[in-house]
Amino acid sequence: MKWKERLTHYDAAKFRKDLISGCIVGIVAIPLGMAFAIASGVKPEYGLYTTIIAGILISLCGGSKFQIGGPTGAFIPILLAIVLQYGYENLLIAGFLAGIFLILMGVLRLGTLIKFIPRPVTIGFTAGIAVTIFSGQIGNFLGLTGMQRHEYFFDNMKEIVLRLPTLNIYSILTAGICLAALLLTPKWLPKVPASLVGILVSTFAAIWLFPGKVTTIGSAYGVIPGGLPSFHPISLTWDNIVPMLQPALIIALLGSIESLLSAVVADGMTGTRHNSNRELIGQGIANIAAPLFGGIPATGAIARTATNIKNGAVSPLSGIIHGIVVLLVVALFAPYASNIPLASMAPILMVVAWNMSERKAFAHMLRTRTSDTLVLLVTFLLTVFATLTVAVEVGLILAVILFVKRMGDLLTVDKVLPDRSCAGEKVMAHMVTKEHDCPQISIFTVDGPLFFGASQAFDRFVAQIDSNLLRVVLIRMGKVPFMDTTGEANFTSLVKQLQQAGITVLVSGLRIQPRKLMMKTGCYELIGEAHFFEHTGEALSIALDEIHQDKCRGCRHFAFRECPALCGAEPERHKLSDRKGALVREDKVTV
């Protein structure tokens with residue numbers, strides 16, 4: 001949606017709503033921006049710079065009216081891993097490249113494809129990220145000193161155990177005060193940002209009750225500089241770019257999922273519709289600009305977007321105002337933020353982790369005990385115990401493999417015969433048995449997609465064909481919605497095999513997509529246009545015409561029409577003319 005359309009009928013009353021919501025969200029974003037930056041292994045001011053630059057650009061260029069962008073908890077594990085392995089400067093390069101990838105995804109209109117990422121994968125890595133964030137704040141909550149951050153979960157847990165002797169009771173009290181404020185504020189003061197109350201109350205408590213006893217942002221990272229973010233050039237060389245391509249792609253993929261999910265939530269709350277491709281372009285522009293000012297990767301923030309809507313936002317201007325509010329606070333009050341204890345940040349991130357854990361959806365999917373449960377557990381465990389990059393890659397591959405297997409299992413091939421027991425009525429499909437069969441004509445009903453994942457079912461199809469006495473094979477394909485080149489190749493091979501044995505192949509009910517593919521590959525011409533029929537009855541009449549003069553080689557009855565294995569009734573009751581235009585029942589019969 002263009003800005004001219006967005007601001008149509010925009011008046012002073014709507015501006016007041018945007019101003020109020022923008023100020024509230026800006027206040028909410030300040031402690032979160034610093035907390036996410038610290039948890040990602042960088043200085044707290046870089047989280048604030050990201051909130052300012054990316055927050056304004058996402059609202060200005062994105063495809064959702066209500067989206068609030070900035071650093072989020074979902075990025076913490078991947079950003080921390082990059083910082084630990086490559087350093088802060090390379091993190092900026094990864095964020096810059098991720099912005100380029102996001103723009104390309106939007107230009108190529110891949111926004112709708114992101115929605116097809118399996119839900120077990122997204123729930124799995126989201127829950128895994130929540131565990132990583134929560135466990136990563138245990139050290140700050142307990143006030144442990146000398147802590148070193150590690151990339152892997154077990155190493156971090158080992159570090160916590162080793163540093164337990166340095167436990168600081170004052171840090172625990174500070175964190176406990178903040179946690180109590182976070183839990184009680186929504187009940188007593190629902191319109192006041194709980195994180196801001198928690199930060200203020202616990203900081204003042206630490207300063208007045210036990211000054212100098214807890215580690216603060218200033219003592220750990222130095223004083224937060226005030227003023228505007230300064231330009232931070234990044235070095236883009238081939239040697240720097242190549243190692244960052246994979247992390248950048250993961251950042252772009254994760255950012256696109258988070259931003260579009262946030263936009264969908266906003267649509268559900270407001271009844272609007274976002275432009276997914278434009279949203280990706282806006283996210284890309286923001287992530288290209290933020291590193292140039294020292295900012296870390298950003299995406300749409302679900303909680304802040306929901307807060308924006310609940311406080312009356314009516315246009316993207318609220319998101320721009322939220323960024324300006326953060327900028328003013330940084331310019332005027334940044335040095336005071338240096339007094340905030342790290343123990344006050346820990347409960348905020350723990351609550352964020354709890355809220356994003358998808359615990360109900362996780363438990364529900366575990367109870368289903370399907371292949372999706374396996375994908376969920378594998379993605380979750382790899383996110384926690386390996387890396388987010390490995391988890392997403394393996395989760396997607398496993399989901400695709402299991403999906404292909406399920407789709408392949410849908411293909412069934414059933415052998416049927418026309419049942420003549422109801423003269424003058426529709427011909428019913430009669431199940432083939434050893435006692436009820438005719439060796440000269442076989443009718444098969446193919447049900448399901450004929451593609452590379454259905455090779456086993458197709459092999460069973462071939463195994464049902466006995467070409468010793470067979471004269472005609474009629475294949476009913478009205479229930480084949482899709483055929484790929486592998487399925488077509490298998491089908492063509494079967495047709496050639498039958499034709500070489502002198503068997504006529506007839507096809508009925510062929511649908512549009514398989515027909516077009518057969519025409520392109522030559523299979524249609526191989527079978528012959530005269531052997532394709534819209535209805536099974538027409539094909540059956542041709543089959544019977546071809547063999548009715550011959551003696552049945554299976555049961556020795558004179559003429560095929562007298563074969564009791566086919567009709568199951570007295571020969572004199574069924575003349576060849578009765579079979580003209582016969583239909584085979586469309587119900588699936590399982591052999």
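Biologist: To start, is R109 buried or exposed?

Modeller: R109 is exposed, because its relative accessible area is 61%, where exposed means over 50%, buried under 20% and partly exposed in between, with a 1.4 Å probe and protein chains only. Keep in mind that this is a predicted model, in which local features need pLDDT of at least 70 and side-chain atom pairs count only at pLDDT 80 or more, while totals for chains, interfaces and linings use all residues. Residues are numbered from 1 along each chain as its sequence is written, and side-chain values use heavy atoms, with hydrogens and water left out.

Biologist: Where is R109, and what is its phi?

Modeller: R109 sits in the loop between α5 (88-107) and α6 (111-114), helices being DSSP runs of H or I with at least four residues, numbered from the N terminus. Its phi is positive, about 60°, although R109 is not a glycine. Most residues other than glycine have a negative phi.

Biologist: And what about E358?

Modeller: E358, also not a glycine, has a positive phi near 55° and belongs to the loop between α17 (342-355) and α18 (359-368). E358 counts as partly exposed because its relative accessibility is 30%.

Biologist: Switching to α13, how far does it reach?

Modeller: Helix α13 covers residues 238-270, and its 33 residues reach 45 Å from the first C-alpha to the last, close to the 48 Å expected, a span defined as 1.5 Å times one less than the number of residues.

Biologist: Where does α13 bend?

Modeller: The bend is at L245 and amounts to about 50°, with the proline P247 following within four residues; the angle is taken between axes fitted to the seven residues ending there and the seven starting there. Just after α13, G271 takes a positive phi of about 75°.

Biologist: Which helix do we find T379 in, and what does its side chain approach?

Modeller: T379 lies in helix α19 (residues 371-385), and a polar atom of its side chain is 2.8 Å from the backbone oxygen of V375. T379 counts as buried because its relative accessible area is 0%.

Biologist: Last one, L173: which helix is it in, and is it buried or partly exposed?

Modeller: L173 is found in helix α10, and L173 counts as partly exposed because its relative accessibility is 42%.

Terms used
Helices (H or I, at least four residues) and strands (E, at least two) are DSSP runs, numbered from the N terminus. A polar contact is a pair of N or O atoms within 3.5 Å; within protein, one must be able to donate a hydrogen and the other to accept it, and residues adjacent in sequence count only if both atoms are side-chain atoms.
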